[in-house]
Every structure is written in C-alpha cells, then in structure tokens.
There are 2 protein chains.
Amino acid sequence: MKVGMKVGIVGLGLIGGSMALDMKASGQYQLYGVSRRPETCRQAVEWGVVQEASTNFALLADMQMVILCTPLGVMEETVQRLLPHLNPDTVLTDVGSVKRAVVDALAPLWPNFVGGHPMAGTADSGLAAAQRHLFVDCAYVLTPVPSTPALAVERVTHLAQVLGSRVYHCTPDEHDRAVAWISHLPVMVSASLIAACLHEADVGVVKLAKTLASSGFRDTSRVGGGNPELGRMMATYNREALLRSLYGYRHQLDQVIDLIERSQWEELEQRLGQTQASRPEFT
Amino acid sequence: MKVGMKVGIVGLGLIGGSMALDMKASGQYQLYGVSRRPETCRQAVEWGVVQEASTNFALLADMQMVILCTPLGVMEETVQRLLPHLNPDTVLTDVGSVKRAVVDALAPLWPNFVGGHPMAGTADSGLAAAQRHLFVDCAYVLTPVPSTPALAVERVTHLAQVLGSRVYHCTPDEHDRAVAWISHLPVMVSASLIAACLHEADVGVVKLAKTLASSGFRDTSRVGGGNPELGRMMATYNREALLRSLYGYRHQLDQVIDLIERSQWEELEQRLGQTQASRPEFT
C-alpha cells in the first residue's frame, strides 16, 4: 500500500472537496475529513473524496498537515475546538479570502500556521459541487509571517503546486489590500449598480431597462449578484482595506461626474483612453 | 432579375456592413452604400456587401429607405449633406445609441424619419468586422414621435424583424433613460473601478492586484476598458440622463460605504441579498 503524507481537511465543501479530489489523484496524500454534518462525512467517504471522515476532531491527531476550509465566519470557533487535538508538528493552513484577521488570530496560537488563499471558486457550494482541476492556473497566495517555519511554508507551497496553481508570497496586509481592489471592491461597485437601477423612480423606465439589458450590464453586475453572505464576510473581515478602496473609488467616480457636469469631453475621452490602455495589465 | 426594396446604407462599418449582409441574404432588398472612403466603397462592392457604393450621396436619389450608420459625432453633418439628394418618400432611420438628440435634430428636417437603435455590437469596428446574424435576438428599439408616419415605422420594424431582432417601441426619452442605466452608467462605473485601482499609492499592492485579478475583476471592468470615443459620445449625447443615473448610483454607493463604516453587517447582507434576487430580472 502506497503511503502518502497524512492531511486533514476541515470543512468538506466546494473548496475542501475539490482540493481533496486533486490531492488524492496526485497519489501523494492520505486524506482525512472533518465536517459538522454526519451526512457530509458519509458522502465524502462513499464518493472516495477522503479515506476516512468524522465529525470529531480527534480523527486529526496525527496529521502532518491540516487545511481549514470552513467559511471565515466559523473559522475561529472551529480552530478553538481543533487545536487541542493536533500534535505540535502539524502544519496548519487555511483557505480564507481575507488574511490579516485570520493570521492575527491563528499565528499566535499555532506557530506552524501558514495563511493561504487559493483564488478559485464557482457559483456553487457544498461537497456535491466539488470538482477536479478547480485550482489549475489560479493564484494561490501564501502569507507567512517572519516567525513562520520554512518547513511549514514549503509544505503548503508544495500543496499549491500539486493543485496546479501559481504560488505567490506576500504579507497578510498586502494580500488584503490587493484583494480589496480586485475582488471585494468590485462586489460593492457591482451591487450598487443593480441597486441604483432598481431605484429609478419611473417604473416604465426600470421595466424597459430590464428588457434592454444585455452583455455589458450582465458582466458589470455579475459579482454584485453573488452570494450575500460572502459579501458580508469580505466587508466584515477586510473592512479597513475595503473602505480605503471604496474611498478611492468614490473619488474617481466624482471626477467622472465632474467632467460630465462641466462637459469636458476631451478630458473624459482621455480618461477612458487611460482605462482602456491599462485594463490588459490586470491578468 | 429579382427586385427588392432599394435601401441605402450610409456608413459601411461594423453595424452598416453587418446589416447589409443579413438584408442581402433575405433576398428582400437591393443595397446601395455610401462611405467617405473610396477604399471602403470598393471593398463593399467587391465583397458583395452592397451592389453599388459611392462617396457621393447622389447614389441614394431613389431609395425607399436610407439607414444612417455613421458614428453619432458625424451624424448631423452627414445628414445635412444627404437630405438634398433624397426624394420625400424615402424613409430615413439611424442606428445611434442615443435617441433624443438625434430625433430632436432630424425629425423636424425629415418627416419620414424614425429613430432606431439596434443594440448589438462587438469590440471590433470597420467593414472587415461585419458579420452575419449580429442582430439576432438582440433588442432593436424604435422611437417614433406622434408625427411619424405609420408606413415609415412599419418599414423599419420589418427591417428589424428581417435581422431577427426583438423590436421595442418607446419615446426617445424613455430609451435614453433606460440605456443610461444599463449601458452608459456601467461604462463610467467600470472605468472608475480601473482608474481607482491604478491610483492606489502603494505600487507593490497595485502590482499584486494586477497579478491576482481574475474573472470577477475582468467582468466588472470589461465595459470600462472599451472604446473611449464611444464613451465620450454616450456622455455628450446623453448627458442629462447619464448624470441622473450617476447621481442615483453615487447615492447607492454612499449607502454601502455608510453601512460598512458603521459595521452594519446584517443590513449589508440584506442589501446584497436584494441585489442578488433582482439581478435575474435584467435579461
């Protein structure tokens, strides 16, 4: 029997399940799952996602690595219950979309903790939505702090490579400010677009707008029509960086409004020319 | 020889060329083109887009319908040169993305004018980008005024049906307010997102943001990275309706900022729940 590194996955949803599928296929890992729901544990074993699963953290007593795949909102309580069961050599990592709050909470509790953020997902959730190759070519950001042991960083880096991701290292703050711009701000910008259209006072115009909306509106409004709980989590756990981005955005919007109010068409065109030229730099 | 309705197309670019291709294929029209560039005239005939083309409006003396497919910015001067050549029975229509400014300018000059807006396009322009079936299942909005003859409306409605479009009738004002919400506002919202990211003071964070940007950012920023000249035209010719939409949008954005500043997470989630629920109403 082939023996691989023992890895525990806490939270068997879209992300945890998809990771497990690719890790298993690599032949390098033995996978153990923990979920709050017995039914999910049963399915995860039945579907071959993990070799053993339990609602009890004691299952993870001799893991070499544990990956926290729970939503941000329950991560802290989950960790409080998990840590007493781990042996001190276990490398702990998470997949949360915000890093400073997570690293600030966990690094002091567990020296072998490495913050991580695999930047992939789908509109679905739950173990049934798990799929192979979800992380291929996606960014996987690691946010070690100066005290993080090199071996721990190496182990999570290797995991990201097994998943086929592009690995980046930065500080938790850099991560949070970057994702505020490209992930969290767009949600608020996009949701406000939908909200604004709905608040047009002339119901005939709202009806016509809904009928005429096509790909431009659909694309610009897509992330604003996403999971509200996820939007709330972004704002809650990345409040400071998101507010900075929102202030910067409002300033740019005010400048556009000012140019249109003053009919400064040449300047407006120059501005739109700059955004057209710069957009391809965002990969 | 099969004889169809004689139709002139002024402006042989993406829209004019694509219309001509489908109209020709229907077998119901004889097509004549006018372009400012002799080379475009030559190509349009060589490629079989129209049966005859010229830089001279005299070609259109006995048309039953003329379709103005020039950019908004040159439409008025084009019409001034075109009208002396038309016979009074000719139905005149345009494809401009703004309707009140066009209808206000042309309806008094030409009673047989019907404002039109086929809502289709690609990121490309020019005759070489013309394609079959560009307008299939797209909205085609007609904005007749009370004095517009029924026969003129009928003729343009039939054209839209031949192209496979969904035809809508409304007033020029209703059109302009609806497209301000779903087409022109998204451009300014999306361009401001790109501009805001670029103005982040920490160049390391900007670089990381560019690297980490993925589908969410790409979709939300797409229309802000479009043709700057087109954005300028939207703002110039639909200034009033666009400003109303921008004020409404800024108000919604301010409410989101306020909720995050006051950490009102429950309310924020409710708000995002409303936008999630409403987005599918925009077809």
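Predicted model: local features only at pLDDT ≥ 70, side-chain atom pairs only at ≥ 80, totals over all residues.
Residues are numbered from 1 along each chain as its sequence is written, and chains are lettered from A in the order in which they are written. Local features need pLDDT of at least 70, side-chain atom pairs count only at pLDDT 80 or more, totals for chains, interfaces and linings use all residues, and side-chain values use heavy atoms, with hydrogens and water left out.

The area buried between chain A and chain B is about 8,500 Å², with 67% of it given by carbon and sulfur atoms; buried area is the accessible area (1.4 Å probe) that two parts lose on being put together, summed over both. Leu212(A), Arg279(A) and Phe282(A) supply 9% of what chain A buries against chain B, more than any other three residues.

Across this interface the rule finds 16 salt bridges (a side-chain nitrogen of Lys or Arg within 4 Å of a carboxyl oxygen of Asp or Glu). One of them joins Arg177(A) to Asp202(B), with the closest N and O atoms 3.7 Å apart.

In chain B, 8 strands form an open sheet of mixed pairing in the order β3-β2-β1-β4-β5-β6-β7-β8; strands pair if DSSP finds at least two bridges between them, and strands (E, at least two residues) and helices (H or I, at least four) are DSSP runs numbered from the N terminus. The edge strands and their residues are listed here.

| Edge strand | Residues |
|---|---|
| β3 of chain B | residues 52-54 |
| β8 of chain B | residues 166-169 |
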